[in-house]
Amino acid sequence: MNAPTPVDAVFSALGDPTRRRIVERLARGRQTISEVSTGFTMSQPAVSKHVKILEQSGLVEREIMGRVHHLRLSPKAMEAASSWIEAQRRYWNAALDRLDAYLEETAGKEKKR
């Protein structure tokens with residue numbers, strides 16, 4: 001079995017809609033945990049648990065200033081996930097291009113018969 005990678009943690013963290021919404025909010029800029037919690041129908045401690053998972057995945061960084069917790073996105077984790085997605089896109093585009101070429105070639109041979 002393969003060992004989990006940092007990219008696995010990113011995709012696992014992004015698998016939850018609440019965490020995706022938190023990431024979307026932080027994409028607009030740094031926010032406090034209270035600001036991030038606004039608008040959710042769950043308690044602030046519940047939002048904090050989601051933030052903790054985002055931190056563990058490397059997507060979010062926390063800076064504590066006194067009693068205020070400031071959150072911001074960490075682009076390195078997102079870049080790793082984006083690189084993985086891009087590699088898959090290149091692979092499948094190439095595979096589909098080869099399939100298309102093969103189908104065109106075999107269709108041409110069928111017409112000659």
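Predicted model: local features only at pLDDT ≥ 70, side-chain atom pairs only at ≥ 80, totals over all residues.
Two aromatic pairs were counted. In one of them, the ring centres of Phe 11 and Trp 84 lie 5.4 Å apart. The planes meet at 70°, so this pair is edge-to-face, the cut-off for that class being over 60 degrees. Phe 11 is partly exposed, at 32% relative accessible area. Trp 84 is also partly exposed, at 45%.

Tyr 91 and Trp 92 form another edge-to-face pair. Their ring centres are 5.0 Å apart, and their planes stand at 85°. Tyr 91 is partly exposed, with 46% relative accessibility. Trp 92 reaches 51% and counts as exposed, because the class begins over 50%.

Both of these residues also belong to a nonpolar surface patch. Leu 99 is located in helix H5. Its relative accessible area is 43%, which makes Leu 99 partly exposed.

Ser 74 sits in the loop between strand E3 (68–73) and H5. This serine is buried, at 10% relative accessible area. Its side chain makes a polar contact of 3.3 Å with the side chain of Glu 61. Leaving aside residues up to four places away in sequence, Ser 74 touches Gly 58, Leu 59, Val 60 and Glu 61.

Five salt bridges were counted. One of them joins the side chains of Glu 63 and Arg 30, at 3.4 Å from N to O. Glu 63 lies in strand E2 (residues 60–65). Arg 30 lies in the loop between helix H2 (17–27) and strand E1 (31–32). The bridge therefore ties together parts that are 33 residues apart in sequence. Glu 63 is partly exposed at 38%, and Arg 30 is partly exposed at 45%.

Glu 55 and Arg 62 form a salt bridge of 2.8 Å, N to O. Glu 55 is partly exposed at 22%, as is Arg 62 at 27%.

Within helix H5, Arg 89 and Glu 86 are three residues apart, or about one helical turn. Their salt bridge brings the closest N and O atoms to 2.4 Å. Arg 89 has a relative accessible area of 42% and Glu 86 one of 28%. Arg 90 joins these two residues in a network of salt bridges.

Notes: Residues numbered from 1 in each chain as written. Heavy atoms only, no water. Phe/Tyr/Trp six-rings, centres within 6.5 Å; stacked < 30°, edge-to-face > 60°. Buried < 20%, exposed > 50% of the residue type's maximum accessible area, 1.4 Å probe, protein only. Patch = residues over 30% accessible without salt bridge, like charges linked within 9 Å, V, L, I, M, F, W, Y side chains within 5 Å. Areas by Shrake-Rupley, 256 points an atom, 1.4 Å probe, with all protein chains shown as cover. Salt bridge = Lys/Arg side-chain N within 4 Å of Asp/Glu carboxyl O. Helix = DSSP H or I, 4+ residues; strand = E, 2+ residues; numbered from the N terminus. Polar contact = N/O pair within 3.5 Å; in protein donor to acceptor, adjacent residues only side chain to side chain. Contact = heavy atoms within 4.5 Å.
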